[in-house]
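Student: I would like to go through this protein with you, starting with the overall fold and then the helix packing. Shall we put it on the screen?

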Amino acid sequence: MAEKQNLIAGYETVIGIEVHVQLTTRSKVFCSCPNVISHDQNSTICPICCGHPGVLPVLNKEVVNRAIMVGLATNCTINEHNFFARKHYFYPDLPKAYQITQSSEPICKNGFLEIPLEDGTFKKIRINRIHIEEDAGKNLHSSLTNESYVDLNRAGTPLLEIVTEPDISSPYEARTYLKMLRTIITYLDVGTANMEEGAFRADTNISIRKPDMPLGTKCELKNINSFKFISDAIEYEVARQIGLVENGQKIIQETRLWDIKNHKTITMRTKEEAADYRYLPDPDLPPLAIDQDWIATIRKTLPELPRDRYQRYLSQGLSAYEADIIVSDKDLAHYFDQVQKFTKSPLVINWVLRELMAFVKEEKVTFNTCLITPQLLAELVTLLENKIINNRAAQEVFEIVAQTGQSPEQVVKDKGLEQIGSPEEIEKIIQEIIAANPENVAHYKSGTKPKLWGFFVGQAMQKTKGKADPQVINDLLKKYLS
Ligand SMILES: [Zn+2]
């Protein structure tokens, strides 16, 4: 079956993505050092994560649990026979001169995520593998003293590397895949997935080719810490590669960086040959067997995943657009679900998407800590739905409750914001307005001054002090003016 193709100037874009996810286990992957971010250099280290000779690494079981969780959430097969390998290279932040990782037998294989495309269909992005590895330390360079330092706090931090097949064919797909993967990590609560702190790092391999031709030479984009920059960088890189080929030039296999200021990719380093890391089985770590019971136990702990939650919201009557926004933020989704415990009003979604989201963004608070709790928002929406207050009053109540955490009912009482009256009461007021303005009524009815509608609405709002149900006012005005 022919795949739908996104061709640019006759070329197809081929993208594969490797993501490194930092896990937030309490201790590091092969020692008992605390797995925390410490700015006190070399304070969370021991002989094992520093790679002293003769020490023995011991695998942290919680890292395995979390790897299985991510594997199951991304439809992978969990490998029952795991091995650890040494990947050899020298760098000052890696004192033992090899990184412990997995090579031929990663813990998870052959998974996939289905990402939503702009046209509403879904595309399967295959995941080749997920493996466990340790992070290296960090080199710090001081321009003040012109010296370099090594901080090993990060050495031995547990990582999962998640590698796709080259199934991604546009910047949009790349961004959508990454967002979905990141949301899954936050739902599983296995890592912070904070991109700015490097807890979710994506390396993107990009090449171009004419349809049905062999893969072109790829370039790798490294260390880009925002979804927007990644898609901008891919867009630039595709155009650059097409330009080179069209001009008869060669694409050089290299690692490139995104220059935010100048909005282009630049060479970081050129790879002459694929590095030979001399992978060897690590003799210090025994094979890791994972049986079906272990996998079944982990499966039971999986929370509702974004895709299922999305479907649930659709079945509850949310639009695809609304469901997508709610699902993409775990805390927001939790907030929304909490509100639903108190009211199932269809008005809730608007208040959450408009007022609440704007408030949280503006005031830089979180959904978990904002003073307008799910229960208070539910109370507010109920007052509105029962027509105790109108929309305008509800806005005012929202502002006060969000700032103070007071009960909406109390605010309505204190401020006298209840809607006035029965439709009969409002009808009396409308009759008075009609009687007091015979000329305007005549003009409006003759059709010469349709703008007078606003005049009557204004009068009605004024006479009811803005506390009447606008719908009732509208209906009554229509009745008397047509
Ligand atoms: Zn350690």
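Tutor: The secondary structure of the protein comes to 15 helices and 17 strands. Please keep in mind that this is a predicted model.

Student: Into which domains is the protein divided?

Tutor: The assignment gives domain 1 (7-294), domain 2 (304-415) and domain 3 (423-481).

Student: And how many Å separate the centres of domain 1 and domain 3?

Tutor: Taken over C-alpha atoms, those two centres are 66 Å apart.

Student: What radius of gyration does the protein have, against that of a compact globule?

Tutor: The protein has 30 Å, whereas a compact globule of 482 residues would have a value near 23 Å. Along the principal axes, the C-alpha atoms fill a box of roughly 95 × 55 × 55 Å.

Student: Next pair, then. How do H5 and H6 pack?

Tutor: Helix H5 (residues 306-315) and helix H6 (residues 320-327) pack at an angle of about 140 degrees, with 9 Å between their axes. The two helices are therefore oblique to each other. Their crossing is right-handed.

Student: Which residues make the contact?

Tutor: On H5 they are Pro306, Arg309, Tyr310, Tyr313 and Leu314, and on H6 they are Ala320, Ala323, Asp324, Ile326 and Val327. By class, this contact of H5 with H6 comprises 8 nonpolar and 2 charged residues, with no polar ones.

Student: One last pair. What is the angle for H13 and H14?

Tutor: Helix H13 (residues 438-446) and helix H14 (residues 452-463) pack at about 140 degrees, and their axes lie 9 Å apart. H13 and H14 are therefore oblique to each other.

Student: Left-handed or right-handed, and which residues are involved?

Tutor: H13 passes H14 in a left-handed crossing. The contact is formed by Asn440, His443 and Tyr444 of H13 together with Leu452, Trp453 and Phe455 of H14.

Student: How many of these are nonpolar, polar and charged?

Tutor: The contact of H13 with H14 has 4 nonpolar residues, 2 polar residues and no charged residues.

How values were computed. Residues are numbered from 1 along each chain as its sequence is written. This is a predicted model: local features need pLDDT of at least 70, side-chain atom pairs count only at pLDDT 80 or more; totals for chains, interfaces and linings use all residues. Axes are lines fitted to C-alpha atoms, for helices over the stretch in contact, and angles run from 0 to 180 degrees between N-to-C directions. Helices (H or I, at least four residues) and strands (E, at least two) are DSSP runs, numbered from the N terminus. Angles under 35 degrees count as roughly parallel, over 145 as roughly antiparallel, 65 to 115 as roughly perpendicular and the rest as oblique. A crossing is left-handed if the near helix is turned anticlockwise from the far one by less than a right angle, and right-handed if clockwise. Two residues are in contact if their C-beta atoms, placed from the backbone, lie within 7 Å. Ala, Val, Leu, Ile, Met, Phe, Trp, Tyr, Cys and Pro count as nonpolar, Asp, Glu, Lys and Arg as charged, and the others, Gly among them, as polar. Domain bounds come from an automatic or database domain assignment. The radius of gyration is taken over C-alpha atoms; the globule rule is 2.2 Å times the number of residues to the power 0.38.
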